[in-house]
Amino acid sequence: MRTMALETPDIGDEVKPIHEVDCVVKSNAPVNGEYRLLVLDAPLKILDCEPGQFFHLLCPISGNLQPYLRRPMSIYGYYPDKGELHFLYKVTGEGTAAMATMKKGDTFNVLGPLGKGFDILPNWQNLLLVARGVGLATLAPLALEARRLNRNLTAICSARSKSVLMSLDYFRDLGVNVIALTDEEATSSVGNMRRIIEALIANEGVDAMYTCGSNRILKLLQDVGKSHRIPGQIALEQQMACGFGMCQCCVRAFHREGLIVNERVCTEGPVFDLQEAIGC
Amino acid sequence: MLDLTTKIGTLKLKNPIMPASGTFSEDLARVFDLDLIGAHVTKTITREKRSGNPTPRVCEVRGSMLNSIGIPSKGVEAFLANVIPFYAQYDAPLIVSISAGSADEFASLCEDVSVPGVAAIEVNISCPNIEEDGKAFAMRPSTTEAVMRKLRNATDLPLWAKLTPNTGETTEVAKAAEAAGADALVVSNTLLAMAIDIHTRRPKLGNLMGGLSGPAFKPIALRMAYQCAKSVDIPVIGCGGISNLEDVIEYLIAGAVAVQVGTATFIEPKIMVNMVEGLEAYLKTQGLQTVSQLVGSVDDGEVSDGLVFMEAAP
């Protein structure tokens, strides 16, 4: 009988410790109509991160806002040179609403870095990143790492409107070839996205694809990946309790060797093989 | 010299703080040295591989949480091969939590996990008994006694019975477990509860209902731990909503010889270590030398048994 789930993790010396740290808020301001950027003064020991990893955040209690469990959030930026940890977020619930109340000088308890990040294999020279909305935040550290490794990166960024197309300057400043698609310009359809990707594959070539979040993009990239034999990775989300493997709350189903297996997004992920992922 | 040790039958723990089953795993070794706590308690295992309940498996309610994880298990073989060897590197005793759908399956699994490296077996009799209309074994004294007798015959290791709050017969169930040979009681598992999203009108858990844990549940589990400590002679291990040092002390005063910490570890992964340190400092400031001086020290006056063992709010 084949194994239905990953074997118990081997906690050897090579496994990194998890740190729980009180950081100090440097700034916490809106970057456009919908998103806010939180900049934390963070110790070096928590800034040894990989693109795609996340932190588990203890959101403050503020008046009527009383989040209880920690909230997982992907890292928007980690800068050991500046001692900064960045999160880009949209207020969607009690946890993020409480985060939005934090002011410069407040302390903020974070746990991490957690999870398995993106891979950039040595022979992956031309990278394609496809994201919708805030998904871009999860992929931003990947752009920085691609630049550090001297890889070519194209980013297809889709959003409702130009005004919420976030981080584009950030990506352009890193030398990324940015292709912006919006609903208001009617350029964000799956069909159009597919034509653009097919053209990239035909012209420059694509060695690996990265995405997160959107089911439509996942299905498109799985399809493109299969027909052109291009590998890919996806960062997935799931509601979490503990955030590092104990509680089995955050499982999702994956295709593996002809079986459907459950894996923990917090520990085996949040980055998974594109073809193994199942949308929800 | 301060003495944080506590005895659970023949088993001596260096301190009375241990994790609750399901909220602990090898992964916590990435946060602190696991030998700082009194014992290690595994997630409940079943003989067969199980995938667990549909998601969402957890939701939060004000200041607490509900879960319907549903005992996903890699099966007993993987457990014996991978999990027990991992804990051999630690001095803290390993407590293995097991569950099964019938008394015979329970006993056979109990026998199979009675191996070197295991210090005691916690039997999660709060799970549904498939032979008896699906109600948990520990909801009734008769089913508790029946399963505990079979378990008692299956192992020489200490047996801890984990009770359920989903019963109106707390002390009867506790006495039945004791009569059938339990060495200790863990009081208790989570309380059946529910939450609904008023916008989608969908239950917030994939399994519709789940177990309440966290601070909101503490007074209920504390009441049960108190009643059990009053009604049996075997040790009681308190479990339910313990979130800070004061909660630990409260359970000890109520009669628990040790405590299990669960949900609080999700919020503060190092909380158990902080509790051990805090308990030592507390004993010092109180002029106490041992944990046992606190255990059962509740000043409940000369109340009647009727009051102590009541099952309905007055």
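## Strand β8 of chain A

Two strands pair if DSSP finds at least two bridges between them. In this predicted model, strand β8 of chain A (residues 126-132) meets that condition with strand β9 of chain A (residues 152-159): seven bridges join the two, and they run parallel. Within this pairing, V130(A) stands opposite I156(A) of β9(A).

Six of the seven residues of β8(A) are buried, so the strand is largely enclosed by the rest of the structure.

## The open sheet of chain B

Chain B contains an open sheet of eight strands with parallel pairing, in the order β3-β14-β13-β10-β9-β8-β7-β4. Its edge strands are β3(B), residues 17-19, and β4(B), residues 40-41, each of which pairs on one side only.

Inside that order, β7(B) (residues 94-98) and β8(B) (residues 120-124) are joined by four bridges in the parallel sense. V96(B) stands opposite I121(B) of β8(B).

## Helix packing in chain B

Helix α6 of chain B (residues 245-254) packs against helix α8 of chain B (residues 271-286) at an angle of about 65°, and their axes are 9 Å apart. The crossing of α6(B) and α8(B) is right-handed.

On the α6(B) side, the contact is made by L245(B), V248(B) and I249(B); on the α8(B) side, by M275(B), G278(B), L279(B) and Y282(B). Six of these contact residues are nonpolar and one is polar, with no charged residue present.

## Contact between the chains

The interface brings 32 residues of chain B into contact with 29 residues of chain A. Four elements of chain B each supply at least two residues to the side that touches chain A: β5 (58-61), β6 (64-67), α1 (76-87) and α7 (263-267). The largest share, three residues, comes from α1(B).

By class, the side of chain B that touches chain A has 14 nonpolar residues, nine polar and nine charged.

Technical notes. Residues numbered from 1 in each chain as written. Chains lettered and ligands numbered in written order. Predicted model: local features only at pLDDT ≥ 70, side-chain atom pairs only at ≥ 80, totals over all residues. Axes fitted to C-alpha atoms, helices over the stretch in contact; angles between N-to-C directions. Left-handed = near helix turned anticlockwise from the far one by under 90°. Contact = placed C-beta atoms within 7 Å. Nonpolar A, V, L, I, M, F, W, Y, C, P; charged D, E, K, R; others polar. Buried ≥ 20, exposed ≤ 12 C-beta atoms within 10 Å, placed from the backbone.
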